[in-house]
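Dear colleague,

Please find below the structure that I am handing over to you.

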Amino acid sequence: MRTVYLNGEFVPENEAQVSIFDRGFLMADGVYEVTSVLGGKLIDFAGHAKRLERSLAELDMQKPDDFDNLLEVHRALVRLNDIDEGMIYLQITRGAPDDRDFVFPDPETTRPTVVLFTQNKPGLANSPAAQKGIKVISIEDQRWARRDIKTVQLLYPSMAKMAAKAAGKDDAWMVEDGKVTEGSSNNAYIVKGNTIITRHLGTEILHGITRAAVLRFAREAQMTVEERSFTIDEAKDADEAFITSASTFVMPVVEVDDHAIGTGKPGPISARLREIYLDESLKAAV
Ligand code: PMP
């Protein structure tokens, strides 16, 4: 059984309890982060903490009292659950007032709810999917308009994943006004020649922590990066495609809407970026 963290305490998972009035439960009024663990160490913790701080600020949510201890809490959970490879999920909600109300509760009396738990994933870095690549479908992006805030409103991404599954594929790329925004839980890229193309930052996508690192490494390796939107037709015509996220790192995409991309096998640029990302992230892991 896992040990989880709830509001300052480490408890067995079956003893952690949150109020039915918690705004995360009633209104999806919460934000989250997922940090991966490799070799028992945290990958890019600083990046995730910074984005968390921004998500809280954008929603006028107060920082929890334990905000400055979150690195220690993450490390303690890795230790207590003996995680070598896996993920740490963190969620902060606006807390549990004593009744349901659209008006935000007084932050003096209603403290945020802070939950962290681990997911043990042995073999995460050596995933067989990275050798084979994944297949995606395209689907209309029907999420709210502030996707740059990492909220727990994950119903539509969950539906997109189910649509992919129903089609016998692995994931969905969401499309708005004819352009790809991002994957259900990852950023989306295509490669044409030596150029890596991924959507520019804005409110339409989550500013991936992995995206920032991968683009930095790509530029350092003299690859050309174009931050602009692209269409599904462009993706079908690309030499390679891939996704990035904290839990998949760099994952090749070999098919979109039943159309093979490039050779239909993971391409060399995706493979190289995965290798560089894993090497460099491990070196900097805390
Ligand atoms: N976009 C969305 C919608 C996501 O849910 C995620 C994963 N959290 C990402 C992009 C990738 O972000 P990161 O690299 O920080 O995991």
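This is a predicted model: local features need pLDDT of at least 70, side-chain atom pairs count only at pLDDT 80 or more; totals for chains, interfaces and linings use all residues.

Residues are numbered from 1 along each chain as its sequence is written, and side-chain values use heavy atoms, with hydrogens and water left out.

Pockets

On a 1 Å grid over the protein atoms alone, a pocket is an open set of points with protein on both sides within 12 Å along at least five of seven lines, a cavity is a set where a 1.4 Å probe fits but cannot get out, and lining residues have an atom within 4 Å of a point. Volumes are the space filled by probe spheres set on the points, which are joined across faces, edges and corners.

The largest pocket holds about 1300 Å³ of space. Its lining comprises 49 residues, with Y32, S184, S185, N186 and S247 nearest the centre. Helix 5 (residues 155–166) supplies the largest share of that lining, 4 residues; helices are DSSP runs (H or I, at least four residues) numbered from the N terminus.

The second largest pocket has a volume of about 470 Å³ and is lined by 24 residues, of which D44, G47, I209, A212 and A213 lie nearest its centre. Helix 2 (45–58), helix 6 (209–220) and helix 8 (268–284) are the elements that each give two or more residues to this lining. Because domain 1 (3–120) and domain 2 (129–284) both contribute to the lining, the second largest pocket lies between them; the domain bounds come from an automatic or database domain assignment.

Ligand

The ligand is surrounded by 17 residues, the closest being R51, K150, E182, I209 and T210; a residue counts here if one of its heavy atoms lies within 4 Å. Oxygen atoms of the ligand lie 2.8 Å from a polar side-chain atom of R51, 2.8 Å from a backbone N or O atom of I209, and 2.6 Å from a side-chain N or O atom of T210. The protein covers 93% of the 390 Å² of accessible area that the ligand has on its own, by the Shrake-Rupley method with a 1.4 Å probe.

Yours sincerely

Note on methods
A polar contact is a pair of N or O atoms within 3.5 Å; within protein, one must be able to donate a hydrogen and the other to accept it, and residues adjacent in sequence count only if both atoms are side-chain atoms.
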